[in-house]
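Morning, everyone. Please have a look at the sequence and the structure on the screen.

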Amino acid sequence: MKSVYKKKTKATGGPEVVIEQIVLSVEDILKQHNSKIEDIEALGIGVPGMVDENSGVVISAPNLYGWKDIALKDKMEEILGIPVIIGNDVNMGLFGEYRFGVAKDYRNIVGVFVGTGIGGAIIIDGKILTGANNLAGEIGHMVIDRKSNMQCGCGNYGCIEASAGRLGIVKRIASKIKKGKRSIVSSICKKNMLKLRSGKLKKAIDAGDEVVSKEVKRASKEIGIAIANILNILDPEAVVLGGGVIEALGDFMLPFIKRSISQHTVNYGDRKTKILMSILGDYSTIMGAASYALEKLILSGDRHPLDQKNQDLRENQLILKDQ
C-alpha cells in the first residue's frame with residue numbers, strides 16, 4: 001500500500017509538537033485506508049540534522065527549534081508500538097533516488113542537495129556511509145574559500161553552503177543591490193530579501209536579470225569545484241543533484257556545474273561518472289526513508305528478504321512537510 005500525505009509539522013513548536021503531528025498524521029492516513037497500526041511494518045523518518053542511527057537519537061538539528069539529543073526513535077516506538085528507523089534527510093533522499101529514481105542503476109553514488117543550504121550524502125556499494133561520528137557527507141561544510149568573510153551556520157568561514165546555498169546566493173544579491181546594482185528582485189522582496197525563494201530567482205534569470213544570473217553562475221561554479229573534490233577523493237559512479245534550488249534552476253545551473261567539474265577534476269575525460277538530476281523531488285526523502293526502514297528490518301532478521309527482481313515493497317509512505 002502506497003500513500004502520500006502532506007501536513008505541516010509546526011516545526012517551530014519544538015520536538016513534542018512535531019512528534020504529536022507525526023502521530024496524528026499516522027492516525028489520519030490509517031483512517032483513510034481503513035487500516036490498523038499493525039498493518040504498518042515500519043516507520044521511516046528523515047531528519048534535517050545530525051542523527052545517530054544506531055541509538056535513534058537526533059543529536060542536533062540546527063534549523064529545528066529545540067532539537068538536541070532527542071530520543072526520537074524511542075519516543076515514536078513507545079507511542080506507536082511499531083519499529084521506527086530514523087536517518088538524516090539527505091541520506092534518505094539519496095537512498096530514495098538510489099532505490100527508485102535516477103540512480104537506481106548505480107551502487108556508488110554521491111548526492112549534493114542544494115536548498116537553503118547544501119546537504120550531502122554518500123552511498124558506497126549500496127550502503128549509506130554515515131561515518132564514525134555520524135557526520136559523513138557534510139559536503140556543505142567543505143571549505144572552498146578560506147579568505148571568505150561569509151560565516152556559515154556552523155560557525156566557520158568559507159563553507160560552500162554559506163556561499164552557494166540559496167541563502168548565500170540571496171545575501172550576495174542583496175549586497176550588490178545595496179551597493180547600487182539594479183535588479184528586479186528588489187521590487188519582489190522589498191522588506192526582506194532573505195525570503196527570496198528559488199522560483200523567484202528563476203523568474204529573474206528568465207527576465208534577463210544580470211545581477212541574479214551572475215550570482216547563480218558563480219554559485220554553480222563553486223558547486224562544481226566541490227563536486228570535483230569529491231570525484232578526486234571517492235571516484236563514484238554517479239553524482240545526484242537535488243534540492244529546491246536545483247529543481248527550480250537546474251537547467252540553468254547544470255552547464256556551469258559540469259564545466260567547473262571538468263576544469264577541476266583529475267583525468268575528467270577518462271572518467272565515466274554520471275552527473276544526474278534528481279527526478280523524485282520532494283518524494284525522494286520519504287520514499288528513501290520507507291525503503292530504508294524496510295531494509296533495516298530485513299537485515300535485523302525481522303522480515304523476509306525483498307524480491308530484488310521486482311522490489312514489490314509494501315510501504316506506507318507518509319510525507320510530513322513544514323511549509
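This is a predicted model: local features need pLDDT of at least 70, side-chain atom pairs count only at pLDDT 80 or more; totals for chains, interfaces and linings use all residues.

Start with the largest nonpolar core. It holds 38 residues. Val-112, Ile-173, Ile-223 and Ile-227 have the most contacts inside it. Which elements give two or more residues to this core? On the strand side, they are β6, β7 and β9. On the helix side, they are α4, α5, α7, α8 and α9. The largest share comes from α8, with nine residues.

Now pick out Ile-173. Skip its neighbours within four places in sequence. Ile-173 then touches Val-185, Met-193, Leu-201, Val-211, Val-212 and Glu-215.

There is another core, apart from the largest one. This one has 22 residues, including Ala-11, Leu-72, Met-76 and Ile-86.

Next, helix α2, residues 72–80. Its buried residues are Leu-72, Lys-73, Met-76 and Leu-80. Where do they sit around the axis? They cover an arc of only 95°, so they are on the same side of α2. What do they pack against? The partners are α1, β1, β3, β4 and β5. Just after α2 comes Gly-81, with a positive phi of about 75°.

Last, the surface. Ile-124, Leu-129, Ile-233 and Leu-234 make a nonpolar patch of about 350 Å². Find Leu-129 in the loop between β8 and α4. Is Leu-129 buried or partly exposed? Its relative accessibility is 35%, so Leu-129 counts as partly exposed. Buried would need under 20%.

Conventions: Residues are numbered from 1 along each chain as its sequence is written. Side-chain values use heavy atoms; hydrogens and water are left out. A nonpolar core is a set of buried Ala, Val, Leu, Ile, Met, Phe, Trp, Tyr and Cys residues joined through side-chain atoms within 4.5 Å. Buried means under 20% relative accessible area, exposed over 50%, partly exposed in between (1.4 Å probe, protein chains only). Helices (H or I, at least four residues) and strands (E, at least two) are DSSP runs, numbered from the N terminus. Contact means heavy atoms within 4.5 Å. The arc is that of the directions from the helix axis to the C-beta atoms. Patches are made of residues with over 30% relative accessible area and no salt bridge: like charges are joined within 9 Å, nonpolar side chains (Val, Leu, Ile, Met, Phe, Trp, Tyr) within 5 Å. Accessible areas come from the Shrake-Rupley method with a 1.4 Å probe; for residues, only the protein chains shown count as cover. A salt bridge is a side-chain nitrogen of Lys or Arg within 4 Å of a carboxyl oxygen of Asp or Glu.
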